[in-house]
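User: I am new to this structure. Please take a close look at a single part of it, and then lead me from there to whatever connects with it.

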Amino acid sequence: MSGLQGVGLLLLWGSACLLLPGLARGALVISGGHEALQETRGAAISLQKRSTREATVEVHSVKVDCTVTSRFAHTVTTSKALNKANFSQEIFFEMELPKTAFIVNFSMEIDGEVYVGEVKEKEKAKKQYEQAVSSGQTAGLVKASGRKMEKFSVSVNIAAESNVTFILTYEELLQRKLGQYEILTRLKPKQPVHEFQIVTNIYEPQGLSFVDAHATFLSNELLPLVEKTVTDNKAHISFSPTMEQQRECPACDGTLIDGDFVIKYDVKRAKSFGDVQIVNGYFVHFFAPPDLPRVPKNVVFVIDRSGSMWGMKIQQTREALLAILEDLDEEDHFALIQFDDQIQPWRESLTKATKENVAEGMAYVRNIMDHGGTNINGAVLRGVEMLVKDRQEKKLPERSVDMIILLTDGMPNTGETHLPTIQTNVHSAIGGNMSMFCLGFGNDVDYSFLDVMSKQNKGVARRIFEGSDAAVQLQGFYQEVASPLLSEVDLRYPDNAVDSLTTNHYTQLYNGSEIVVAGRLMDNNLDNFIVEVFGQGFEEDFKVQAQASAVDWDVMYPNEEYIFGDFTERLWAYLTIQQLLEQSKTGSPDDKANATAKALQMSLEYSFVTTLTSMVVTKPETEDGPGSPLVADKLTEDQRQQSERTSHRYAPPSFAAYSPPSFAAYPPPSFAAYPASHTYLVDGDPHFLIELPDRHDALCFNIDDKPGTIFNLVRDPTQDILVNGQTIGDKKIAPGGKIHTYFGRFGIVHQTLGVRLEVSTKDITVLQDGTQVKLLWSDSASVKGPNMDLLLTKDRSLTVSLKDSVKFVILLHKVWAKHPYHQDYLGFYTLDSHLLSPSVHGLLGQFYHGIEYEVSDLRPGEVTEKPDATMYVKGQELNVTRGWQRDFRRDVKNGENVPCWFVHSNGTGLIDGDATDYVVSGLFKRV
């Protein structure tokens with residue numbers, strides 16, 4: 001689309017049937033009427049010229065239809081938009097779907113003509129993708145979005161007074177976690193919609209034990225609009241408010257609907273052998289018997305305490321471990337091993353989880369501190385050795401489950417560091433006698449290394465994302481494996497009756513989970529279809545045998561328009577492909593190649609977009625020429641992790657290869673749901689840095705003023721929060737140099753909570769409810785209060801967590817006391833800024849809810865590696881330079897370079913007003 005001929009619009013909506021682990025999750029975004037989006041360079045130049053043209057897009061209808069049939073969810077999202085303007089417009093369709101779902105279809109209908117996506121082998125689709133990229137077009141449809149989601153997005157140029165209908169379909173098998181399945185529909189329309197409908201139908205022949213539906217945004221007026229009809233084996237849930245019911249007020253354009261619509265359910269489990277569904281020549285067996293006693297477990301926690309775990313990571317690890325230890329059953333045994341370059345077990349053997357032993361273990365955990373390197377190999381082998389020795393000496397119950405849980409945030413850098421050798425050593429030592437679970441904390445771990453090592457040893461790996469809820473993530477994972485019910489579970493079927501079985505042997509069955517096996521029937525004679533299940537329980541072996549029979553769906557669901565009759569076959573294909581993709585990561589080269597080839601063949605046969613296939617969508621022709629291909633890929637976990645790393649440490653492209661970002665590539669920040677990973681900081685001389693992970697970019701500027709000046713950094717009149725900072729200067733000016741200023745004092749006030757802090761390079765003074773406490777940087781301390789928590793790490797950092805609100809981290813930069821010029825100074829970092837109100841402002845605060853800008857016209861700068869460019873922001877045209885600022889959170893001594901667009905002249909044009917407008921007369925004074 002030529003920028004001179006059209007206006008780029010983003011249809012903003014949020015909805016979809018979602019399936020997290022045990023959870024269906026999605027978010028659809030559609031929106032119109034916002035011209036400050038990124039486009040091509042030509043469009044950017046003409047942005048202001050066309051600002052008087054009214055861009056009118058009407059989101060006419062949105063429907064999310066989710067059908068769940070025996071846990072297999074089929075979701076169709078349909079959205080229709082009308083271009084009511086008298087000129088063509090680029091309309092965007094965006095939707096978030098769970099990363100474990102497979103896209104199966106996408107189509108666009110434009111004025112009666114349908115454009116359908118085609119699933120192709122990834123390598124073949126890649127050629128079309130590269131051709132589109134080389135011609136300067138945006139070709140990628142799928143990007144990582146948060147922890148468990150992927151964002152599907154596509155745009156199309158729509159002629160004046162025309163319409164477009166987008167249809168996206170994806171499928172997934174719901175996983176049972178902690179005794180329930182969840183279906184979550186994320187709704188963020190940003191505007192009322194003419195025809196809006198969320199419909200979920202659940203068909204469970206096994207019978208429904210409960211169905212619950214709620215939403216985060218439901219008011220007393222909206223609550224009656226949630227319709228729920230539940231019979232013995234079917235549930236129908238719908239939500240369809242009118243435009244007037246959606247509005248915040250009768251004359252408002254805003255909408256009440258903003259949040260998550262959640263359905264939770266479980267099925268009846270009267271039969272000990274489970275439930276077998278047989279439809280159209282395929283069967284699926286669900287196994288989760290009721291009322292089994294838990295099997296005691298013997299767990300060794302192997303905890304990384306290396307230097308990279310400093311600050312919040314080690315605090316959250318301690319917090320999670322304390323909760324986990326408190327939850328141990330008295331029949332369990334446990335051990336604690338902390339490691340850096342040294343390996344330090346709490347005790348030389350496992351300990352029974354009596355109240356006294358657990359209390360002593362918790363006291364030990366509270367003193368785990370970070371320092372040193374990372375010897376993963378030695379620490380894990382020590383844990384294996386401990387379990388093996390205790391087994392040999394019969395210190396552990398005969399019928400109990402052995403497991404190792406490794407938590408690490410980095411790469412091995414001491415002891416054995418060759419990753420394949422570590423995997424071989426661990427696999428050989430374990431010898432198939434225990435399960436190993438690996439938890440990778442943050443983005444610096446090699447997740448593939450942990451994933452393979454877990455799968456080689458009957459376990460799974462899980463990523464723990466850095467954020468305020470990391471401790472909750474750790475506890476959540478532990479809850480999933482905390483209560484083993486059976487071990488070495490075999491599910492057997494007649495050899496002459498079935499073939500193409502999915503995995504039918506499982507090391508463990510955990511309470512609240514479910515084993516699923518599917519296969520193909522060799523004939524329709526079910527007289528001899530005997531199901532047998534064997535396993536090892538707590539007190540005795542588990543054995544059950546039963547005759548399987550087919551359910552007559554027409555009888556069970558009369559008068560239903562049953563459109564999902566092949567669900568058992570597609571469920572079997574989905575499960576088979578998932579397991580083949582896992583098998584392609586381990587085993588011999590031949591085994592890996594065979595698993596990959598089979599997974600590819602099935603992905604193409606069933607039109608699943610997997611990591612081996614892509615969906616190619618060819619856009620319609622425009623005035624500018626033939627339509628360009630768009631390619632939707634399934635991201636691997638490595639690609640997702642790399643994307644997240646890029647979000648934090650955006651590597652500047654070389655000048656020769658640089659292509660300015662198009663406006664169409666990103667939604668405007670004002671519509672982004674900012675996660676806690678967004679970071680806003682001021683550190684150094686003083687350098688202000690605004691990291692924007694959703695844009696894979698950052699903005700920065702400096703403030704130069706005389707020492708002693710006090711600036712307002714954050715003020716939130718709604719929450720009554722204030723942060724001011726006072727600058728200090730060098731001891732004296734170096735020969736030929738200039739005076740440098742830094743922040744040397746911060747004042748933090750939360751008037752409503754009665755909290756006031758003064759932080760200097762010497763000490764921290766806390767005043768709360770009339771009580772004053774002074775802390776020294778030479779101490780380590782953790783202070784918990786009803787309204788505020790403080791975590792002080794000796795000579796390094798102070799974390800201030802305000803109740804139900806933002807977190808601030810202040811770093812202390814220690815300088816050699818006899819340095820002739822420089823002195824100690826402070827850095828200020830904001831986390832969870834999305835919890836502040838929209839009225840927040842200040843030198844930093846004004847950016848907490850996003851900033852709309854465009855960068856184009858890249859050109860050589862004064863320094864070769866620092867090109868200049870033109871930035872369009874807040875109606876102004878600024879000259880900016882590609883540079884970098886340092887983020888000291890991970891490395892307080894050296895910092896990490898974060899590439900950013902540097903705005904000159906004290907941020908003029910980027911910040912509201914002038915830097916002097918933020919000067920205040922006292923550390924706790926307001927502007």
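Analyst: **Salt bridges and the helices beside them**

With a relative accessibility of 11%, aspartate 697 is classed as buried (buried is under 20% relative accessible area, exposed over 50%, and partly exposed in between, using a 1.4 Å probe and protein chains only). The model is a predicted one, in which local features need a pLDDT of at least 70 and side-chain atom pairs count only at pLDDT 80 or more, while totals for chains, interfaces and linings use all residues. Residues are numbered from 1 along each chain as its sequence is written, and side-chain values use heavy atoms, with hydrogens and water left out.

The side chain of aspartate 697 meets that of arginine 882 in a salt bridge, at 2.9 Å from N to O; the term requires a side-chain nitrogen of Lys or Arg within 4 Å of a carboxyl oxygen of Asp or Glu. Aspartate 697 belongs to strand 38 (residues 697–702) and arginine 882 to strand 52 (residues 876–887), so the bridge ties together parts that are 185 residues apart in sequence. Strands and helices here are DSSP runs numbered from the N terminus, helices being H or I with at least four residues and strands E with at least two. Arginine 882 is likewise buried, with a relative accessible area of 5%.

Lysine 874 and aspartate 912 form a salt bridge through their side chains, at 2.6 Å from N to O. Lysine 874 sits in the loop between strand 51 (866–873) and strand 52, and aspartate 912 in the loop between helix 14 (904–907) and strand 54 (919–920), so this pair ties together parts that are 38 residues apart in sequence. Lysine 874 is partly exposed at 37% relative accessibility, and aspartate 912 is partly exposed at 33%.

Arginine 294 is in the loop between strand 20 (282–287) and strand 21 (297–304), whereas aspartate 332 is in the loop between helix 4 (312–326) and strand 22 (333–339), so the bridge ties together parts that are 38 residues apart in sequence. Arginine 294 is partly exposed, at 22% relative accessible area, but aspartate 332 is buried, at 0%. Across the whole structure, the search finds 37 salt bridges. A network of them links Arg71, Arg176, Glu204, Asp266, Arg269 and Glu514.

Helix 4 has a packing partner as well. Its axis and that of helix 5 (residues 355–366) come within 9 Å and cross at roughly 175°; axes are lines fitted to C-alpha atoms, for helices over the stretch in contact, and angles run from 0 to 180 degrees between N-to-C directions. The two helices are therefore roughly antiparallel (angles over 145 degrees count as roughly antiparallel, under 35 as roughly parallel, 65 to 115 as roughly perpendicular, and the rest as oblique). Helix 4 contributes Arg318, Leu321, Leu322, Leu325 and Glu326 to the contact, and helix 5 contributes Val358, Gly361, Met362, Val365 and Arg366, where contact means heavy atoms within 4.5 Å. By class, the residues in this contact of helix 4 with helix 5 are six nonpolar, one polar and three charged.

Helix 11 (residues 567–583) and helix 12 (residues 589–605) pack at about 150°, with axes 8 Å apart. That angle makes helix 11 roughly antiparallel to helix 12. Among the residues in contact are Trp572, Thr576 and Leu580 of helix 11 and Ala595, Ala599 and Met602 of helix 12.

Leaving aside neighbours within four places in sequence, threonine 502 is in contact with Val516, Val517, Ala518, Trp572, Leu575, Thr576 and Gln579. Threonine 502 is buried, with 4% relative accessible area, and lies in the loop between strand 29 (498–499) and strand 30 (505–510).

Serine 500 has its place in the loop between strand 29 and strand 30 too. Most residues other than glycine have a negative phi. Serine 500, although not a glycine, has a positive phi of about 55°. Its relative accessible area is 28%, so serine 500 is partly exposed.

How values were computed:
Ala, Val, Leu, Ile, Met, Phe, Trp, Tyr, Cys and Pro count as nonpolar, Asp, Glu, Lys and Arg as charged, and the others, Gly among them, as polar.
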